[in-house]
Amino acid sequence: MRSDELIERIRKGTPGAFEALYRAHVDQVYRQLSRLVGEDGDIDDLVQTVFIKVHRHLDGWRGDSQFSTWLHRIVVNVAMTHLKKRSRRRWWSFDSAEDHTEASAAVATSGVVHLDGAIDAKRWLEVIQKSLADLNPNQRVAWTLYELEGLSLDEISQVADCSVNTVGSRLREARTKMNRSLEAYRKRDGSYLESQEAKG
Amino acid sequence: MKKTCSAYRDDLPGYRLGEGTPLERERMKAHLEGCADCRAHLAAYEMLVRDAREEPPALAIEDKDRIWKKIESELPGTQPSLLDSIQRLFQPRWQPAIGMAAACLAYLVLVNPAPQNETPAPDAASPAMAQSTDSTEQTVKPLKVVVAELTQPESHEALEVAPGVNARTTKRAKVRKTGTAHAPRVELTKGDLLAEYTRQAKQEPMVVQTPHFEAVIRGTIFVISVEAESSSLTVAEGKVEARHKGMSVMVNAGQSLRISGSKSPGAEASQSEQPAAEAEDVIDAMKRLFPEHEAKPIKPALEQPTAAPKSTKKAALPTEPLVAPNERLTNARNAWLNGKLDEAKDEVTRLLRHPDLQPKLQDDARLLRASILRARGELAEAMVDLEVVAAVGREASRLAAFELGRLAREEGRLVTAKRALKQVIEANDTDVLSEEARFELCQLLTEEGSGDESVACWEALQDASDPSLRDKAQRALDSK
């Protein structure tokens, strides 16, 4: 059943309609949240928050945009709120940049890392996560939606409720930061990347 | 002027996606042909995006079901699709003895659907009603066996939840902590949990979520057992509210509740009985596990004695080997995160007495102590630490001022709250923290009834980068 039909049924109070809407979209919501906030034990709670907001604000969807776009906007809002709280909480928990990843800690102390493939791969993923974590919430959302989800600047501006210029500016800032993280990692130990490139 | 590699690299992410004018793209292409390092950087960036894009593992069906149950319980006015009403049975085994002792053990059973019988307001002391004629029988573990397992050292393990919670589970239990020190919450999907809960000041009621009901505990000794098709709750001391599908029942000391039902619609209730003679023994056994527990009104947590007679305890200032300040801070933080607030407070207080403590570490320690004190309900003391850090004019001062503003507002100290929130905004009025501080300030001004000042505040918030704050500002202005 299409989303707009389900929503009509929900508005009429048809039992089971909202659960059907949930089942139809939960995978997509979960995937989007996972990409936006990264590895986080709170993802289940965020999924819950999204659908509760959907239920509360369903009257606000008038069919003037795709339901999936409207839903995506809620996902982005929830993710943004969470990222902001998390960045404050991280400060609160006094993590220093050097504490974040095993990779950067090892590099900071020794400058040379000799590891087998599995550990290299793990550290590479940690570098990715740390690079994303270093973006502020606005930058992270812009970069994730553009680079990973493939949305256009215009689509992102609708979902994030800001101008196209603002999205462009946040994307540029995010790319600059990601570039710097990548350069720093390559300078210290690019052997894993080189080996992956050689594999093709 | 010749463009440097660094400048080219800024354009690489866009170049790989076809961005840029034809001339820019030609220049980039030419540069890449001559620069191996930039080519390697481009490949690395591609790999980063490719690996970041990797699909996260999909949600398992059980996880989707679990999340749905939580959503459903929070939706207003939702009724399960085929449950029309709930009928309560009350079957006293004894007349209640004097006081709260478990002289009477009764089982309350929720039966559905029976549309002709509306459920009255929940009151566990209401007279006996018609028994269910449901003939469904289940094999459920007797309460006596459950409590016996939870008493034997080899068949249970302690569960750390939050301050004020003294809990244990059977070893086969599937349990997950989903709350915080301030709002303890546990999800029990299988097995048995026995706990004593003494609610601390400013702490929310404890919640235990099972597949069949949600128990809201304000200060009691209780046991909850989760089987495949039903869950039961028995209260030894105090009272517990059990919520199920929008209805709630208060279970008092000496009473038990069992709710059963499959996940599919049309669930039927089942009834189990506990031999009357064993009930009192079981309840007494539960109470004996927590001899210090007494039902008492909520009051501020008592300070642990820090000064002890020299002959019997270690001195408050340790003679143990020196611990590096950073390490002491980490220990304190970990203790706090694990809910060991006394230990966390002692550790951070010792740290603050360290001679020549670096300013940044001092600030971090005070902020941590403020969090600990807040969790302990010692709000005035928490505000003192926040005031100190907010006043020093260092990196941590803005965050301290923000937390001080929020805490002061909660405590009704509006002058302090306004001053602190304005300090955050004046230092930097464009970042996320200032937007959140402005939001707090706008709410405060509105509550205070400061007409023009609150309007100006909400108008300023309309430029916030956070769309939800902009929404709230608009709504606030629309309502004026």
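This is a predicted model: local features need pLDDT of at least 70, side-chain atom pairs count only at pLDDT 80 or more; totals for chains, interfaces and linings use all residues.
## A positive patch on the surface

Residues from two chains, Lys53(A), Arg56(A), Lys85(A), Lys472(B) and Arg475(B), gather on the surface in a patch of positive charge. At least two residues of this patch come from each of two helices, namely α3 (43-56) of chain A and α15 (467-478) of chain B. Lys53(A) has its place in helix α3 of chain A, and with a relative accessible area of 33% Lys53(A) is partly exposed.

## Salt bridges

Over all chains, the count comes to 41 salt bridges. In one of them, the side chain of Arg175(A) meets that of Glu147(A) at 3.3 Å, N to O. Because Arg175(A) belongs to helix α9 (residues 164-189) of chain A and Glu147(A) to helix α7 (residues 137-148) of chain A, the pair ties together parts that are 28 residues apart in sequence. Arg175(A) is buried at 7% relative accessibility, and Glu147(A) is buried too, at 2%.

In chain B, Arg419(B) and Glu387(B) form a salt bridge of 3.2 Å, N to O. The former lies in helix α12 (residues 414-427) and the latter in helix α10 (residues 379-391), so this pair ties together parts that are 32 residues apart in sequence. Arg419(B) is partly exposed at 41% relative accessibility, and Glu387(B) is partly exposed at 24%.

## The buried side of a helix

In helix α5 (residues 143-151) of chain B, the buried residues are Leu143(B), Val146(B), Val147(B) and Leu150(B). These residues lie on the same side of α5(B), because they cover an arc of only 90° around the axis.

Terms used: Residues are numbered from 1 along each chain as its sequence is written. Chains are lettered from A and ligands numbered from 1 in the order in which they are written. Side-chain values use heavy atoms; hydrogens and water are left out. Patches are made of residues with over 30% relative accessible area and no salt bridge: like charges are joined within 9 Å, nonpolar side chains (Val, Leu, Ile, Met, Phe, Trp, Tyr) within 5 Å. Accessible areas come from the Shrake-Rupley method with a 1.4 Å probe; for residues, only the protein chains shown count as cover. A salt bridge is a side-chain nitrogen of Lys or Arg within 4 Å of a carboxyl oxygen of Asp or Glu. Lys and Arg count as positive and Asp and Glu as negative; His and the chain ends are not counted. The place of a charge is taken as NZ of Lys, CZ of Arg, CG of Asp or CD of Glu. Helices (H or I, at least four residues) and strands (E, at least two) are DSSP runs, numbered from the N terminus. Buried means under 20% relative accessible area, exposed over 50%, partly exposed in between (1.4 Å probe, protein chains only). The arc is that of the directions from the helix axis to the C-beta atoms.
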